[in-house]
Amino acid sequence: VAAIFLALVWAPASHAVLADRPLTLARAANSETPILLAEELNNRQFEGKVFAPLAWADYLLWSSEGRLRPLVYSHVHLVDPSAWSDYRQIDGGAAGWLRIADRAELRYLILRRQDETARLIVSHPRTVIRYQDQQSLVVELLPPAEEAAGPAAPVAPTQAEAVSGFDAGA
């Protein structure tokens, strides 16, 4: 009984209630939580099906109140096996990633900025970087009809982008 009591007292959620201090996002999140990304996606009112790193997907789903629908999130045991396979292939930068993204009707690809997959994807003519910060990239996947006309002009960079430009050719 004492061990259970101590666990409840030290657990972040119950400690916040017992100490009468609300658990803030800053205290609940860690440095890997894409807080800036989520704020920007909400400010720009992004919505639809997206590819996102599994570790970020739940937070993005929650913070967007369901407007963003990740291809896969932490409940992978509930995901259709073909969606899980699609996720793994896009995440690994498989040769057929574009075909998979089109079939899954993905509008945006949310990527870790430092991943090799990000470099592969941003170099494709059907992709346009819509947001970037030190941690992440948001790439819009243009419809095939727009590919022939050339990519749309990127959205003006945010302050974070101006500080941390992404060199797709590097």
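Visitor: What covers the buried residues of H6?
Guide: In this predicted model, the cover over the buried residues of helix H6 includes strand E1 (48-51) together with the helices H5 (54-63), H7 (97-103) and H8 (116-122).

Visitor: And which residues of H6 are the buried ones?
Guide: Helix H6 spans residues 81-91, and its buried residues are Ala 83, Asp 86, Tyr 87 and Ile 90.

Visitor: What happens just after H6?
Guide: Just after the helix comes Gly 93, whose phi is positive, at about 70°.

Visitor: Switching to rings: how many aromatic pairs does the structure hold?
Guide: There are four aromatic pairs in the structure. One of them is formed by Tyr 59 and Trp 62, a tilted pair with 5.7 Å from centre to centre and 40° between the planes.

Visitor: Where do Tyr 59 and Trp 62 sit relative to each other in the helix?
Guide: Both belong to helix H5, where they are three residues apart, which means that about one helical turn separates Tyr 59 from Trp 62.

Visitor: Is each one buried or exposed?
Guide: Tyr 59 is buried, its relative accessible area being 15%, whereas Trp 62 counts as exposed at 59% relative accessibility.

Visitor: What about Trp 84 and Tyr 87, stacked or tilted?
Guide: The aromatic pair of Trp 84 and Tyr 87 is stacked, with the centres 5.5 Å apart and 10° between the planes. The planes count as stacked because the angle between them is under 30 degrees. These two residues are three apart in helix H6, and so about one helical turn lies between Trp 84 and Tyr 87.

Visitor: How accessible are Trp 84 and Tyr 87?
Guide: Trp 84 counts as partly exposed, at 29% relative accessibility, while Tyr 87 is buried, with a relative accessible area of 6%.

Visitor: One last thing, which ring does the charged end of Arg 112 sit over?
Guide: The charged end of Arg 112 sits over the ring of Trp 56, at 5.3 Å from the centre of that ring.

Notes
Residues numbered from 1 in each chain as written. Predicted model: local features only at pLDDT ≥ 70, side-chain atom pairs only at ≥ 80, totals over all residues. Heavy atoms only, no water. Buried < 20%, exposed > 50% of the residue type's maximum accessible area, 1.4 Å probe, protein only. Helix = DSSP H or I, 4+ residues; strand = E, 2+ residues; numbered from the N terminus. Contact = heavy atoms within 4.5 Å. Phe/Tyr/Trp six-rings, centres within 6.5 Å; stacked < 30°, edge-to-face > 60°. Lys NZ or Arg CZ within 6 Å of the ring centre and 35° of its normal.
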